[in-house]
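Subject: Structure for your files

Hello,

Please find the sequence and structure below. My notes on the fold follow.

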Amino acid sequence: MSEQQDCRAWLKAAPYIDVHCHWSDNQALIALISIDLEADSERPSTSFYSAGIHPWNIGSDWAHQLDRLENHPRLLAIGECGLDSVIAVPMDLQISAFERQIVLATQWRKPLIIHCVRAFNQLIAIKQRHADHAKAWIVHGCNSHPELVKQLLAHGFYLSFGKALLNPGSRAVKSLPLIPVDKLFLETDAADTINIDAVYAAAAKIINSDVDSLKRQLASNFQRVFLDD
Ligand SMILES: [Zn+2]
């Protein structure tokens, strides 16, 4: 797994890490590009990636698509996958597809990148049913209010924050100071108008830290969660 060894060396320089995005051409940072097995075609040719089936994209072929996924050395996570209660896809089907991806993540010892919209009680219940899952559960795009964030932390979730940190009135800004830094990641997601360095700068300011310390901490989180086995 030379790519992962290269990544370990790279992490020593504490680069910016975008833990969840859908596209990146910035070679200067570690970007975990999320590919959807039902919506996207090819895996990225050089960068690290996560792969899964987004609840929005669950089609008739989802189980077959997951069966065909290859455990590639640059595949660092399963997802984004999860639950969304404001879409038309039936919740039973979403739960089946999500649990199948949890099983895969467990077998392959990968963390999960989770999309969750107004389904946090179901998410917590599912995590409790899969207590043997060895790696991290990362709720991405966190913009939840502090009480919910405390609940998620109590259940062992990691949280990844993105563009909501750039909005001073957001719930994310209120919740971020509650997150132990070893449970934190940052991301740009689908936003093509923001850079990950702006997200780091906003996060550092909110928690009264500085960007260099945050980069070192998140590099250490990344190594522990995505690379160590
Ligand atoms: Zn996304």
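Helices and strands here are DSSP runs numbered from the N terminus, a helix being H or I over at least four residues and a strand being E over at least two. Please keep in mind that this is a predicted model.

Overall

The protein chain has 8 helices and 8 strands. Its C-alpha trace spans about 45 × 40 × 35 Å along the principal axes. For 229 residues, a compact globule would have a radius of gyration near 17 Å, and the 16 Å of the protein chain agrees with that.

The sheet

What is the order of the strands in the sheet? The sheet is open, its 8 strands pair in parallel, and the order is β1-β2-β3-β4-β5-β6-β7-β8. At the edges are β1 (17–21) and β8 (184–186), each of which pairs on one side only. On average, neighbouring strands are turned by 25° against each other, with direction ignored. As background, strands of a sheet pair through backbone hydrogen bonds, in either the parallel or the antiparallel sense.

Some of the pairings can be followed residue by residue. Strand β2 (residues 30–36) pairs with β3 in the parallel sense over 4 bridges, and one point to look at is Ile 33, whose bridge partner in β3 is Tyr 49. From β3 to β4 there are 3 bridges, again with the strands running parallel; Ala 51 stands opposite Ile 78 of β4. Strand β4 (residues 75–84) and strand β5 (residues 112–117) are joined in parallel by 6 bridges. Here Asp 84 stands opposite Val 117 of β5.

Helix α3 (residues 91–108) lies across β3 (49–52), β4 and β5, and runs at about 160° to β4.

Helix packing

How do α1 and α8 pack? Helix α1 (residues 2–11) and helix α8 (residues 211–227) have axes 10 Å apart and an angle of about 160° between them. Because angles over 145 degrees count as roughly antiparallel, α1 is roughly antiparallel to α8. Their crossing is left-handed. On the α1 side the contact involves Gln 4, Cys 7, Arg 8 and Leu 11, which meet Ala 219, Phe 222, Gln 223 and Leu 227 of α8. Sorted by class, this contact has 5 nonpolar, 2 polar and 1 charged residues.

Helix α8 also packs against helix α7 (residues 196–206): the two axes come within 9 Å and cross at roughly 105°. The pair α7 and α8 is therefore roughly perpendicular. Tyr 200, Ala 201, Ala 203 and Ala 204 of α7 make this contact with Val 211, Leu 214 and Lys 215 of α8. By class, the contact has 6 nonpolar, no polar and 1 charged residues.

Backbone points to check

Most residues other than glycine have a negative phi, and most peptide bonds are trans. Two places in the model are worth a look against that background.

- Ala 14 sits in the loop between α1 and β1.
- The peptide bond from Gly 79 to Glu 80 is cis, with omega near 10°. Glu 80 is part of strand β4, whose pairing with β5 is described above.

Regards

Terms used: Residues numbered from 1 in each chain as written. Predicted model: local features only at pLDDT ≥ 70, side-chain atom pairs only at ≥ 80, totals over all residues. Pairing = 2+ DSSP bridges. Axes fitted to C-alpha atoms, helices over the stretch in contact; angles between N-to-C directions. Contact = placed C-beta atoms within 7 Å. Parallel < 35°, antiparallel > 145°, perpendicular 65-115°, else oblique. Left-handed = near helix turned anticlockwise from the far one by under 90°. Nonpolar A, V, L, I, M, F, W, Y, C, P; charged D, E, K, R; others polar. Rg over C-alpha atoms; globule rule 2.2 N^0.38 Å.
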